[in-house]
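Here's a quick briefing to read with the model open on your screen. Take a look at the fold first, then work through the points below.

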Amino acid sequence: MNYRILAINPGSTSTKIAVYDNEEQLLVKGIDHKAEEIANYERIQDQFEMRKQEVLKVLAENNIDINTLSTVVGRGGLLPPVKSGAYLVNDEMIDRLVNRPVIEHASNLGAIISYEIAKSIGVNAYIYDSVAVDEFNDIARLSGIKNMDRESLSHALNSRAMAIKFAKDNNKKYNELNIIVAHLGGGITVSVHEKGKMIDIVSDDEGPFSPERSGRVPCKKLINTCFSGNYTHKEMLKMIRGKGGIVSYLDTVDVREVEKMMEEGNKEAKLVHDAMCYQVSKAIGELATVVEGKVDAIILTGGIAYSKLVTKHIKRRVEFISHVEIMPGENELDSLALGTLRVLNNEETAREYKEEILANA
Ligand SMILES: Nc1ncnc2c1ncn2[C@@H]1O[C@H](COP(=O)(O)OP(=O)(O)O)[C@@H](O)[C@H]1O
Ligand SMILES: CCCC(=O)OP(=O)(O)O
């Protein structure tokens with residue numbers, strides 16, 4: 001059976017799309033949205049019609065008739081906690097993402113755009129491995145302050161896909177292995193997968209700094225800065241997400257540029273690069289304790305895993321824990337399409353999104 005799948009991954013400044021016939025990629029395209037265009041919209045969800053039109057235009061330009069699509073899948077956004085895998089997009093999910101998103105994030109548009117396109121041609125829309133996938137054990141939820149639980153918000157899509165691929169490539173099942181995955185992109189998440197469940201993470205506001213995020217910062221200093229009267233709430237959020245991490249030290253979010261600076265003898269660039277690798281390694285070490293050291297593999301993935309300097313540094317620090325596998329790239333469009341294909345082929349089942357059930361799950 002041949003299935004044609006449109007995958008949509010909205011990011012803060014671009015919408016990446018791809019079309020697949022089963023596993024074969026027919027088209028892949030990054031649609032850039034100009035900062036002036038984005039600035040016209042007060043809320044991220046208001047950008048949906050503009051981005052949808054751009055997606056339809058690219059399909060038409062590439063002679064892909066939307067009526068030939070079997071389904072549409074979007075990167076799942078900031079919903080209340082959900083399970084891993086696929087969800088059918090429904091009105092309840094759209095209501096949450098449009099009217100009460102947990103956090104405003106470009107990925108919230110994935111379900112909204114997919115649903116609209118799918119509805120117009122009478123097929124189903126899905127999300128797959130949303131950033132809100134929550135498989136924490138109870139012990140992982142405590143933060144140290146009552147009523148301020150830790151949250152499972154992560155790069156679950158690429159992290160789970162790489163762990164599943166690693167298992168398959170090694171003739172094992174994902175649910176037989178304990179794997180630590182470090183997703184190294186604009187944001188960084190390190191996650192531990194115990195026998196097929198992502199039971200804990202070190203997220204990008206609790207762990208390593210990344211190109212544009214601060215990671216864990218000293219709490220007392222952060223609180224004092226919040227109350228200094230010098231910053232608005234929005235500016236403080238931007239300080240940790242958008243203007244934190246590498247960019248706050250070196251004025252770039254591009255690790256390739258940092259490495260060029262290092263080649264030119266820039267000592268601060270070397271220190272910041274080293275510190276990011278050091279912090280990622282610490283997070284891997286931290287999560288190794290969750291499975292009591294029984295780690296079958298450590299996977300380094302995401303755009304930064306293309307860097308030999310980064311992977312060599314982290315490998316040196318964590319190889320004592322387990323084998324290190326380098327799987328570079330963010331692979332998110334492939335992960336969306338292949339996950340959905342497993343649903344269409346009845347190898348996995350899509351869940352129905354219902355908030356009242358999730359709250360008690
Ligand atoms: N060949 C490379 N060497 C070093 N860093 C790279 C390379 N390719 C991409 N990167 C870095 O990867 C980061 C983006 O990663 P990516 O997974 O694409 O993130 P996102 O989807 O969050 O933007 C950027 O900091 C970029 O500089
Ligand atoms: C909220 C965790 C997922 C995330 O931050 O995604 P991006 O790095 O794509 O913004």
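A residue counts as near a molecule or strand if its C-beta atom, placed from the backbone, lies within 6 Å of it. This is a predicted model, where local features need pLDDT of at least 70 and side-chain atom pairs count only at pLDDT 80 or more, while totals for chains, interfaces and linings use all residues. Residues are numbered from 1 along each chain as its sequence is written, and chains are lettered from A and ligands numbered from 1 in the order in which they are written.

**Ligands**

- Around ligand 2 you'll find Gly 11, Val 131, Leu 153, Ser 154, His 155, Gly 185, Gly 186, Gly 187 and Asp 204.
- That shell around ligand 2 splits into 2 nonpolar, 6 polar and 1 charged residues (Ala, Val, Leu, Ile, Met, Phe, Trp, Tyr, Cys and Pro count as nonpolar, Asp, Glu, Lys and Arg as charged, and the others, Gly among them, as polar).
- Ligand 1 has 14 residues around it, the closest being Gly 185, Gly 186, Gly 303, Tyr 306 and Ser 307.
- By class, the ligand 1 shell holds 5 nonpolar, 6 polar and 3 charged residues.

**Sheets**

- Helices (H or I, at least four residues) and strands (E, at least two) are DSSP runs, numbered from the N terminus, and two strands pair if DSSP finds at least two bridges between them.
- One open sheet has 5 strands in the order S9-S8-S7-S10-S11, with mixed pairing.
- S9 (197–202) and S11 (324–328) are its edge strands, each with a single partner strand, so one side of each has no neighbour in the sheet.
- S10 (residues 297–302) pairs with S11 in the parallel sense over 5 bridges, and Gly 302 has Pro 328 in S11 as its bridge partner.
- Another open sheet has 7 strands, ordered S3-S2-S1-S4-S6-S5-S12, again with mixed pairing.
- Here S3 (24–32) and S12 (351–352) take the edges, each with a single partner strand, so one side of each lacks a neighbour in the sheet.
- S1 (residues 4–10) and S4 (residues 71–75) pair in the parallel sense over 4 bridges, with Val 73 in S4 as the bridge partner of Ala 7.

**Helix packing**

- The axes of H10 (residues 267–288) and H11 (residues 308–318) come within 9 Å and cross at roughly 40° (axes are lines fitted to C-alpha atoms, for helices over the stretch in contact, and angles run from 0 to 180 degrees between N-to-C directions).
- H10 and H11 are therefore oblique to each other (under 35 degrees is roughly parallel, over 145 roughly antiparallel, 65 to 115 roughly perpendicular and the rest oblique).
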